[in-house]
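Let's walk through this fold together, moving from a surface feature to the strands behind it. Please keep the sequence and the model side by side as you read.

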Amino acid sequence: QVQLVESGGGLVQPGGSLRLSCAASGPIFSIYRMGWFRQAPGKQRELVATITSGGSPNYADSVKGRFTISRDNAKNTVYLQMNSLKPEDTAVYYCNANIGVIFGTMGAYWGQGTQVTVSS
């Protein structure tokens, strides 16, 4: 079945950078919008950034100018470059993708999540 596997989370000091990756695998026909969401303790999951299959990005106001989303369609992978990190960016980051499955239908898929902690 289709799987999304994230990597790149960790502990970083305020002002630092991290790069998250998310690779999709399985019986994939086509990948449409891909994106990143995050959930901090005690808060609802929120959108961080999305990118269309054509490469058009969209960002939450809280990360504009600091985060950059990109994708490599040949590798079925989406990235999130996070710069100037702040303690309030601490959360579990989830990859999301709308994927059309071979001999199946399109559905929304989620990764398992990767922890990002910004602390001195």
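Patches here are built from residues with over 30% relative accessible area and no salt bridge, joining like charges within 9 Å and nonpolar side chains (Val, Leu, Ile, Met, Phe, Trp, Tyr) within 5 Å. A salt bridge is a side-chain nitrogen of Lys or Arg within 4 Å of a carboxyl oxygen of Asp or Glu, and accessible areas come from the Shrake-Rupley method with a 1.4 Å probe, where for residues only the protein chains shown count as cover. The model is predicted, so local features need pLDDT of at least 70 and side-chain atom pairs count only at pLDDT 80 or more, while totals for chains, interfaces and linings use all residues. Residues are numbered from 1 along each chain as its sequence is written, and side-chain values use heavy atoms, leaving out hydrogens and water.

With that in hand, find F29, Y32, I102, F103 and M106: they form a nonpolar patch on the surface, with about 650 Å² of accessible area together. Two of these residues, I102 and F103, sit in the loop between β9 (91-101) and β10 (106-110). Strands such as these are DSSP runs of E with at least two residues, numbered from the N terminus. I102 is partly exposed at 39% relative accessible area, whereas F103 is exposed at 89%; buried means under 20%, exposed over 50%, and partly exposed in between. F103 also has a positive phi near 60°, although this residue is not a glycine.

Now follow β9 to its partner. Strand β4 (residues 28-39) pairs with β9 in the antiparallel sense over 9 bridges, and I28 stands opposite V101 there. Two strands count as paired if DSSP finds at least two bridges between them. β4 also pairs with β5 (residues 46-51), again antiparallel, over 5 bridges, with G35 opposite T50. In the hairpin of β4 and β5, 6 residues lie between the strands, and G42 takes a positive phi near 75°.

Turn next to an open sheet of 4 strands, ordered β1-β3-β8-β7 with antiparallel pairing. Its edge strands, β1 (3-7) and β7 (67-72), each pair on one side only. Within this sheet, 6 bridges join β3 (residues 18-25) to β8 (residues 77-82), and R19 stands opposite Q81.

The loop between β8 and β9 holds S84. Its phi is near 50°, a positive value in a residue other than glycine, and S84 counts as partly exposed at 41% relative accessibility.

Definitions and conventions: Buried means under 20% relative accessible area, exposed over 50%, partly exposed in between (1.4 Å probe, protein chains only).
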